[in-house]
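Dear colleague,

Here is the structure I said I would pass on. My notes on the domain interface and on one of the helices follow it.

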Amino acid sequence: MKPIRYMHLDVFAARPGGGNHLGVVTDARDWSDADMQRYARWTNLVETTFLLPPTDPKASYRVRIFTPQKEIAFAGHPSVGSAHAVLECGLAEPQGGLLWQECGAGVLPIRVEGSGNERILMLQSPDARVVKTGLHAHPLLAATLDGIELGRLPPALVDGGRRWWLTECVDEASLRAWSPDHSAIGALAVASGSMGLCAFARSHHPDYQLVVRAFPSGVGIVEDPASGAANGLIAAYLTHAEPTGPLAGGYSVSQGREMGHDALLIAHIVDGTIWIGGRTNTVIDGHLHWNTG
């Protein structure tokens, strides 16, 4: 049983302990699919990732992403956190300021800005499309949004790497105070083949311009403290709906405070390309002893 370096990370944290948990097995070359799933089930984290040598010559490394129930092709905070682990372990070096991550969604660039504790990693979100919009875009949507006043943009189903229902709320205070019907969100997610509902509101706070709350009931999670992929879809929707609006070039996002976290995500929008990122903290860096096979 060879010990393997294992890292437990705090991804998208505005302050230590404020972000989203991620476990990273830094060398999974000898692990089977069943080994990875069994370990992800044991950690019981929202996602656990496993680093491997790339199979695509363009890629810097390969990552496989597992929830406790299944493998998924792509997710935001596992991608950013895995890139952090790659750099900390010296498994790859940026070329032209970029790492190239191979995952189930293809080979995606991750931009490396700065170094050390100030390093920010920015993931290029997969291309997204607005599937449908409007309060009556699905028979279950209006009831799901009961109890919250909507903002200027209509609700939308957006697909890109993951599929989410997005809704703008009238203001930050209303969104932070909202107690949604999680069973209704779950029913909507199942009926529409989506992750669930991600709600956002504009803010006048000096440190962030959007507040986001994500409810991925479609995968059995009540609320997510920091959602890279969902925030990428919000940025894509804003770019689609308000191409010259005040958030068109990018903004910062506050997420997770309602659950006792404090995440800060950064969105950059350059010529229609969406980059989502932030800082990652290493909380635990040790060795994993785990029977495989």
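Domain 1 and domain 2 bury about 910 Å² between them, with 57% of that area on carbon and sulfur atoms. On the domain 1 side, N20, V46 and F74 lose the most area to domain 2, and together they make up 39% of what that side buries. Please keep in mind that this is a predicted model.

The domain assignment puts residues 4-124 and 279-288 in domain 1, and residues 129-261 in domain 2. Taken over C-alpha atoms, the centres of the two domains are 25 Å apart. The contact involves 16 residues of domain 1 and 11 residues of domain 2.

Four residue pairs are in polar contact between the two domains. On the side of domain 1 that touches domain 2, the elements giving two or more residues are β2 (20-25) and α2 (76-89). By residue class, that side of domain 1 divides into six nonpolar, eight polar and two charged residues.

The helix I looked at is α1, residues 33-43. Its buried residues are D35, M36, Q37, Y39, A40 and T43. An α-helix has 3.6 residues a turn, so residues three or four places apart point the same way. The cover over the buried residues of α1 includes the strands β1 (4-11), β2, β3 (48-52), β4 (61-66), β5 (71-72) and β17 (280-288). After α1 comes N44, which has a positive phi, near 60°.

Regards

Note on methods. Residues numbered from 1 in each chain as written. Predicted model: local features only at pLDDT ≥ 70, side-chain atom pairs only at ≥ 80, totals over all residues. Heavy atoms only, no water. Domains from an automatic or database assignment. Contact = heavy atoms within 4.5 Å. Buried area = accessible area lost by both parts, 1.4 Å probe. Polar contact = N/O pair within 3.5 Å; in protein donor to acceptor, adjacent residues only side chain to side chain. Helix = DSSP H or I, 4+ residues; strand = E, 2+ residues; numbered from the N terminus. Nonpolar A, V, L, I, M, F, W, Y, C, P; charged D, E, K, R; others polar. Buried < 20%, exposed > 50% of the residue type's maximum accessible area, 1.4 Å probe, protein only.
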